[in-house]
Amino acid sequence: MQSTRIIAAVANVWRQPNNTSIDTPALANVGLQPWLAQLSDEDTVALERDNRIVTQALFNDVFLVEQFVNGWAYGYVVNQADSRHPQGYPGWVWAAQLSTVPLPVQTGPMITIRRGFTPLLCLDGRTFLNLSLGTELPVISSKDHRYYTVQTPLGTGKIAKRATQFAFRTARLTPGATLVRLGEEFLDLRYLWGGISA
């Protein structure tokens, strides 16, 4: 098996290695907003009814590839447990959403994005991608008072330190109350079967 990393902001993990024409925008690396914006309620229900998406993987998640077939990769989302598959949650990812370039081993701190979406910046300030809530990245440096320097499959980048904190105060909230408050940020968002991203 080959260890790869997700280089899309969010990659759908599909049950089968095929898609309809309406799903083509979901295979881009820039995010799922263009795809989601075109889906009708009926399309969204069909994703669940036909069980087409099994989960999602976020930028930098490890995806362990068992095989490549016609532009698709079958494998496992390593950080998502599955009782039947000790390697992780199984499914198909569009291969262009994967990087096979090995990253340096990081033993230092990790950050987690705690805002709905936040830009991953190049060192010169240009935006690589807008990353989703829950994305985890290894820290190279925290010396800058506004940004973390992070290692990514696209190279070294920067993340605003404020993006690693919730957009609301948590000091007096229990973990359960924090979860409820975070959930309130997503009221009226259309449900997506298998979705784990913002």
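Residues are classed here by relative accessible area, with buried meaning under 20%, exposed over 50% and partly exposed in between (1.4 Å probe, protein chains only). The structure is a predicted model, in which local features need pLDDT of at least 70, side-chain atom pairs count only at pLDDT 80 or more, and totals for chains, interfaces and linings use all residues. Residues are numbered from 1 along each chain as its sequence is written, and side-chain values use heavy atoms, with hydrogens and water left out.

The chain contains three helices and 13 strands; helices (H or I, at least four residues) and strands (E, at least two) are DSSP runs, numbered from the N terminus. For 198 residues, a compact globule would have a radius of gyration near 16 Å, and the 17 Å of the chain agrees with this. The radius is taken over C-alpha atoms, and the globule rule is 2.2 Å times the number of residues to the power 0.38. Along the principal axes, the C-alpha atoms fill a box of roughly 45 × 40 × 35 Å. Of the 198 residues, 41% count as buried. The accessible surface of the chain comes to about 10,900 Å², with 53% of it belonging to carbon and sulfur atoms; such areas come from the Shrake-Rupley method with a 1.4 Å probe, and for residues only the protein chains shown count as cover. Among contacts (heavy atoms within 4.5 Å) between residues at least 6 apart in sequence, 58% join residues at least 24 apart.

Helix α2 spans residues 41–49, and Thr44, Ala46 and Leu47 are buried within it. Viewed down the axis of α2, its buried residues fall within an arc of 155 degrees, so they line one face of the helix; the arc is that of the directions from the helix axis to the C-beta atoms. These buried residues pack against α1 (33–38) and β3 (53–58). The face of α2 turned away from the buried side carries the exposed residues Asp41, Glu42 and Arg49.

Asn51 lies in the loop between α2 and β3, just after the helix, and takes a phi of about 55 degrees. With a relative accessible area of 25%, Asn51 is partly exposed. At 73% relative accessibility, Asn70 counts as exposed.

A search of the whole structure finds four aromatic pairs. Rings of Phe, Tyr and Trp (its six-membered ring) pair if their centres lie within 6.5 Å, and planes under 30 degrees apart count as stacked, over 60 as edge-to-face and the rest as tilted. The ring centres of Trp72 and Trp94 are 5.2 Å apart and the planes stand at 75 degrees, so this pair is edge-to-face. Trp72 belongs to strand β5 (residues 72–77) and Trp94 to strand β6 (residues 89–94), so the pair ties together parts that are 22 residues apart in sequence. Trp72 is buried at 4% relative accessibility, whereas Trp94 is partly exposed at 26%. Tyr74, Tyr76 and Trp92 form one aromatic cluster.

Two lysines place their charged ends over tyrosine rings, Lys158 at 4.6 Å from the ring centre of Tyr147 and Lys161 at 5.2 Å from that of Tyr148. A charge sits over a ring if NZ of Lys or CZ of Arg is within 6 Å of the ring centre and within 35 degrees of the ring normal.
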